[in-house]
Amino acid sequence: MYQRIETDTQSNPLLPGYRFKSYLVAGLTPIDAGRELDFFIDRPKGMRGYILNLTIEGQGEISDGTQTFHCHPGDVLLFPPDKLHYYGRAKESSCWHHRWIYFCPRAYWIDWLEWYSRKQFIGYISLSNSHVFDEFDELFHSIELTQQSGRRLSEELSMNLLERLLLRCMEEDPKNPQKIMDPRIIEACQFITNNMSNTLSVDEIAHHVCLSASRLTHLFREQVGINILRWREDQRVMRAKLLLQTTQDSIGNVGRRVGYDDQLYFSRVFRKHSGISPSEYRSHHSHLSYAGIE
Ligand code: FCB
């Protein structure tokens with residue numbers, strides 16, 4: 001067993017160097033002793049999005065930087081953004097087959113990502129019986145198939161299935177007390193979403209929800225998990241993708257509708273999030289639907 005640190009860029013998500021640029025990527029990693037995938041996944045700074053991980057066979061060994069623990073079939077793990085990933089096959093086991101979903105959440109999912117059962121920063125639940133395990137296995141698999149289906153709305157449909165999976169995880173988390181998000185943060189999210197084409201300042205948003213700018217920034221990060229302006233950028237790109245797929249608006253207009261008057265800047269932000277330009281994104285998606293893949 002050896003380690004590889006992710007550095008380069010390549011197109012297989014099971015190997016180091018793949019750049020996770022979409023909002024959702026899902027797969028199955030079948031690690032067998034001595035085979036090609038038998039190395040420790042090593043991402044010292046974690047990833048930009050979350051990862052859900054379901055062990056389906058064998059055992060994994062997971063580290064949180066100070067301690068290690070093992071996971072078994074029916075264990076579901078949730079890795080939050082920007083936190084160490086260091087995991088691989090447990091040496092006692094001849095294999096570790098796990099399904100996984102990498103995703104950037106929709107704003108209103110945030111409460112569902114606060115798992116109460118965890119090992120340090122890693123959410124950890126054990127599914128209660130084999131029926132629930134089969135249900136989760138199937139749901140993970142459907143998300144993967146849907147995301148790879150090439151349909152025009154494959155990302156939205158897979159995000160929709162993922163919503164169900166996250167809700168089921170909450171139900172299966174025995175310690176979840178159903179925490180409620182601060183109503184001022186919900187209102188701030190709503191306000192930003194309703195005014196996506198305006199460039200509201202943090203001061204204006206704070207004023208709208210009766211908080212100081214610094215209090216809002218702090219509370220938002222605490223409850224939503226990311227910086228407020230970065231959250232808005234994520235929402236803008238998500239909406240832009242949908243508009244590119246479902247309307248014939250010009251690129252400039254799509255940019256304006258999500259708050260970017262400067263088309264060059266819009267393209268730069270879009271590329272930063274998705275790895276391609278808005279027009280490439282549009283032609284890729286229309287190409288898939290014209291090809292009759294739907
Ligand atoms: C794959 C890993 C899997 C998960 C995804 C994001 O390469 O095998 O466990 O970390 O990347």
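**Entry 1: burial and overall form**

I looked up burial, and 52% of the 294 residues of the chain count as buried. I note here that the model is predicted.

Next I listed the secondary structure and found 9 helices and 11 strands in the chain. The radius of gyration is 20 Å, close to the 19 Å of the globule rule for 294 residues, so the chain is as compact as a globular protein of that length. Along the principal axes, I put the C-alpha atoms in a box of roughly 55 × 50 × 35 Å.

I also looked at contacts with a separation of 6 or more, and 71% of them in this chain join residues 24 or more positions apart. For charge I counted 34 positive and 37 negative side chains. The centres of these two sets lie 5 Å apart.

**Entry 2: the open sheet**

I then followed a sheet of 6 strands. In what order do the strands of this open sheet stand? I read the order as E2-E9-E4-E7-E11-E10, with antiparallel pairing. Strand E2 (24-32) and strand E10 (118-119) are at the edges with a single partner strand each, so one side of each has no neighbour in the sheet. As a reminder to myself, strands of a sheet pair through backbone hydrogen bonds, either parallel or antiparallel.

**Entry 3: strand E7 and its two partners**

I took strand E7, residues 75-79, next. Is E7 enclosed or open to the outside? I found 5 of its 5 residues buried, so E7 is largely enclosed by the rest of the structure. Asp-75, Leu-77 and Phe-79 point one way from E7, while Val-76 and Leu-78 point the other way.

On one pairing, I counted 4 bridges between strand E4 (residues 50-58) and E7, which run antiparallel. In this pairing Leu-52 stands opposite Leu-78 of E7. I also counted 4 bridges from E7 to E11, again antiparallel. There I noted Leu-78 with Gly-123 as its bridge partner in E11, and Val-76 opposite Ile-125 in E11.

**Entry 4**

Strand E11 covers residues 122-126. I found 4 of its 5 residues buried, so E11 is largely enclosed by the rest of the structure. E11 pairs with E10 in the antiparallel sense over 2 bridges. Lys-119 stands opposite Ile-122 of E11.

I noted that E10 and E11 form a hairpin with 2 residues between them. Gln-120 is in the turn, and its phi is near 50 degrees, a positive value in a residue other than glycine. Most residues other than glycine have a negative phi. I looked up the accessibility of Gln-120 as well: at 49% relative accessibility it counts as partly exposed, and the limit for exposed is over 50%.

**Entry 5: Cys-210 and His-208**

I checked Cys-210, which has a positive phi of about 60 degrees although it is not a glycine. Where is the place of Cys-210? I found Cys-210 in the loop between helix H4 (202-208) and helix H5 (213-224). Cys-210 is exposed, with a relative accessible area of 69%.

His-208 has its place in helix H4. I have it as partly exposed, at a relative accessible area of 35%. Setting aside neighbours within four places in sequence, I found His-208 in contact with Glu-187 and Phe-191. His-208 and Phe-191 are 17 residues apart in sequence, and I have their C-alpha atoms 8.1 Å apart in space.

**Entry 6: Val-132**

Last, I looked up Val-132, which lies in helix H1 (residues 130-147). Is Val-132 buried or exposed? Val-132 is buried, with a relative accessible area of 9%; the cut-off for buried is under 20%.

Which residues does Val-132 touch, not counting those up to four places away in sequence? I listed Leu-127, Arg-168 and Glu-172. I also took one distance from Val-132 to Ile-276, which is 144 residues apart from it along the chain. Their C-alpha atoms are separated by 39 Å.

Conventions
Residues are numbered from 1 along each chain as its sequence is written. This is a predicted model: local features need pLDDT of at least 70, side-chain atom pairs count only at pLDDT 80 or more; totals for chains, interfaces and linings use all residues. Side-chain values use heavy atoms; hydrogens and water are left out. The radius of gyration is taken over C-alpha atoms; the globule rule is 2.2 Å times the number of residues to the power 0.38. Buried means under 20% relative accessible area, exposed over 50%, partly exposed in between (1.4 Å probe, protein chains only). Contact means heavy atoms within 4.5 Å. Lys and Arg count as positive and Asp and Glu as negative; His and the chain ends are not counted. The place of a charge is taken as NZ of Lys, CZ of Arg, CG of Asp or CD of Glu. Two strands pair if DSSP finds at least two bridges between them.
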